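Please examine the sequence and structure below.

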Amino acid sequence: MKTALITGGSEGIGFAMAEWYAKRGYAIILAARNKTKLLCAAKALQKYKVPITAVSVDLSRRQQVYELVERCGDVDVVIANAGSGGTGEALSRSMQDDENMVALNCISVMNLLKLYGRKMQARGQGTLVTVASTGAFQPGPYIACYYATKAFVLSYTRALAEELKGTGVHVCCICPGPVKTAFYEKYGGNMPFIAQSSEQVAKCLEHVENKSVVVSGWMNKAMLLVPASLRMKVVGKIKKGSEQIPQENQNFVEDVIR
């Protein structure tokens, strides 16, 4: 039986991707920080009659990334989905908050791909999937650090995909636009009419073995045809004012708008 490891798999996009693989007979390993949500997600997946393992882990800590890989051993699919985000003026945001975001969104993803990529390359097979954002394709005023981290994820994944061509290891970056998740309850904004469901984003997994980048939804693909400078201005207008959100709501972990 094949195994899929999904970080940030306790809810939202991560859970939908776990469900996508469970329906196809994969054993599932869910990794996330919140133990309560993890247990609820694991219970919900039991109906698919496949082995489910839930691992509570803080991936922003490098040592816990190593421990996760050691505990899980060889797997067939790794989905690096866990991430955090935050809004507000770049110069006003806490250094620590943004450093934590970079640690989780960039460093943990890079290290997870390195550790599992080496294993998969050695045996000549496997699939590595990252989850970035359409925000990776242009800067994001008032959400600058988050968009920058997703640009890193997209760039790193594409480079790794090129390096591993012909090795039997598939590498793909999925880039959703707005998604109907808990983000809007925390952010306080209005959900865009183009927002997709997590299940719609999970369907992108159909393409990870033959594409290095998958943008979810035709409307998101169409919007990327607009010049990046104009998209940046639009993002700035939408996000401006989010610095007024209470501090406790400015940072949201694991399931964020894409």
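A nonpolar core is a set of buried Ala, Val, Leu, Ile, Met, Phe, Trp, Tyr and Cys residues joined through side-chain atoms within 4.5 Å; buried means under 20% relative accessible area, exposed over 50% (1.4 Å probe, protein chains only). This is a predicted model, in which local features need pLDDT of at least 70 and side-chain atom pairs count only at pLDDT 80 or more, while totals for chains, interfaces and linings use all residues. Residues are numbered from 1 along each chain as its sequence is written, and side-chain values use heavy atoms, without hydrogens and water.

**Confidence**
- The chain averages a pLDDT (the predictor's confidence in each residue, from 0 to 100) of 90, and 89% of the residues score at least 70.
- Over residues 243-258 the pLDDT is below 50.

**Nonpolar cores**
- The largest nonpolar core has 32 residues, of which M17, Y21, I28, L30, I79, I174 and L205 touch the most other members.
- Helix 1 gives the most to this core, with eight residues; helices (H or I, at least four residues) and strands (E, at least two) are DSSP runs, numbered from the N terminus.
- Leaving aside neighbours within four places in sequence, Y21 is in contact (heavy atoms within 4.5 Å) with residues including A4, I28, I79 and L205.
- Another core, of 27 residues, lies apart from it and includes C72, V78, L112 and Y116.

**Helix 2**
- Helix 2 spans residues 35-45, and its residues L38, A41, A42 and L45 are buried.
- The buried residues of helix 2 fall within an arc of 100 degrees seen down its axis (using directions from the helix axis to the C-beta atoms), so they line one face.
- The face turned away from the buried side carries the exposed residues T36, L39, C40 and K43.
- Helix 1 (12-22), strand 2 (27-32) and strand 3 (52-56) are among what covers the buried residues of helix 2.
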